[in-house]
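The sequence and the structure come first.

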Amino acid sequence: MLDVRRMQILRAVVTSGSITAAATNLGYTPSAVSQQMAVLEKQAGLPLLERVGRGVRPTEAGRLLSKHAAVISRQVAEAETALTDLRARRTGLLSVRYFATVGATLIAPALARLRQEHPEIRVDLRMTDPRDPLPDVTEGRADLAVVVRPRGRLHDGVHLVHLLDDPYRAVLPTGHRLAAKRVLDLTDLADEPWVRSDGPGPCLDAVAEGCAAAGFSPNHVVESEDYTTAQGFVAAGLGISLIPAMGLANRHPGVVVRKVRGPEPIRGIHAAVRETSLSRPALRGLLAALQDVPVA
């Protein structure tokens, strides 16, 4: 019979890429982790890990057991949440994750409505920038996360609810040669130096895919993962940038903002919830509130 605890150790090894790193993360010695993996391989009857350089990678059997270990962790987290609700006499706790630019416009009014409709519900609210909040839902640490995802991308055990589309705008320094145009073709920006406004992830992917559709790859001369900072670099004349409309609430006085087309890059903003949590009335209420928030 497979040992669940050893499966979780295997998952740690697969995630970290080495026995030594997994041992450090778990607070074990490398030899103890190796011994547990040896026992688990005997239980499985198949090799689970193979050496690659100084690290290890999972075999097909190792990937299979690691995937099931993740499911078990998620189910345990859901069970713990349910027990917490029972201990709290069903007052309930909702764990919510979000990124900065949706905080004031989406999260705040939605939570205000939730408080009116479900005053007994406590909310564990955390911002995850610059980290993608989706893993908190997939791994059972949160009930709901507001995420950027293109439509149609599915995740096992996660239900995605489309909230809005946030179009990207061209941000130019005041006096730029293109500032006189009210709407820019994306190809107008092909030869410009660019200030990258997003870190690696779905937001940057939306820009890269739009530029690829227009037939070019942007020349990033400055990297920033903060929209306010990116505007400062643009105002200083270091380059142009694409920034989502929701990220331009605090506009720098030294920039001008123009719509773009051909294509217009858009980031799709969704609420991600665990399918097993959809029966909770408070969670459904929060989803409805998020969908009803008017966003200019």
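A residue counts as buried when its relative accessible area is under 20%, as exposed when that area is over 50%, and as partly exposed in between. The model discussed here is predicted.

**A loop residue**

Thr 59 sits in the loop that joins β2 (55–58) to α4. Its relative accessible area is 15%, so Thr 59 is buried. Leaving aside residues up to four places away in sequence, Thr 59 is in contact with Pro 47, Leu 48, Leu 49 and Glu 50.

**Strand β10 and its partner**

Strand β10 covers residues 241–244. Ser 241 and Ile 243 point one way from this strand, Leu 242 and Pro 244 point the other way, and all are buried. β10 pairs with β6 in the antiparallel sense, over four bridges. Within this pairing, Leu 242 of β10 is the bridge partner of Ala 170.

β6 also takes part in the largest pocket: the largest share of that lining, four residues, comes from β6.

| Pocket | Volume | Lining by class |
|---|---|---|
| Largest pocket | about 820 Å³ | 19 nonpolar, nine polar and nine charged residues |
| Second largest pocket | about 620 Å³ | six nonpolar, seven polar and seven charged residues |

The largest pocket has a volume of about 820 Å³. It is lined by 37 residues, of which Phe 99, Thr 101, Asp 129, Tyr 227 and Arg 267 are the closest to its centre. Helices and strands that each give at least two residues to the lining of the largest pocket are α5 (103–117), β5 (144–148), β6 (158–173), α7 (202–214) and α8 (227–235).

Which helix supplies the largest share of the lining of the second largest pocket? The helix is α1, with seven residues. The second largest pocket holds about 620 Å³ of space. Its lining has 20 residues, and the closest to the centre are Arg 11, Thr 15, Ser 66, Ala 70 and Glu 139. At least two lining residues of the second largest pocket come from each of α1 (4–16), α2 (19–26) and α4 (60–87).

Terms used: Residues numbered from 1 in each chain as written. Predicted model: local features only at pLDDT ≥ 70, side-chain atom pairs only at ≥ 80, totals over all residues. Heavy atoms only, no water. 1 Å grid on protein atoms, 1.4 Å probe; cavity = no way out; pocket = protein on both sides within 12 Å on 5 of 7 lines; lining within 4 Å. Points joined across faces, edges and corners; volume = space filled by probe spheres on them. Nonpolar A, V, L, I, M, F, W, Y, C, P; charged D, E, K, R; others polar. Buried < 20%, exposed > 50% of the residue type's maximum accessible area, 1.4 Å probe, protein only. Contact = heavy atoms within 4.5 Å. Pairing = 2+ DSSP bridges.
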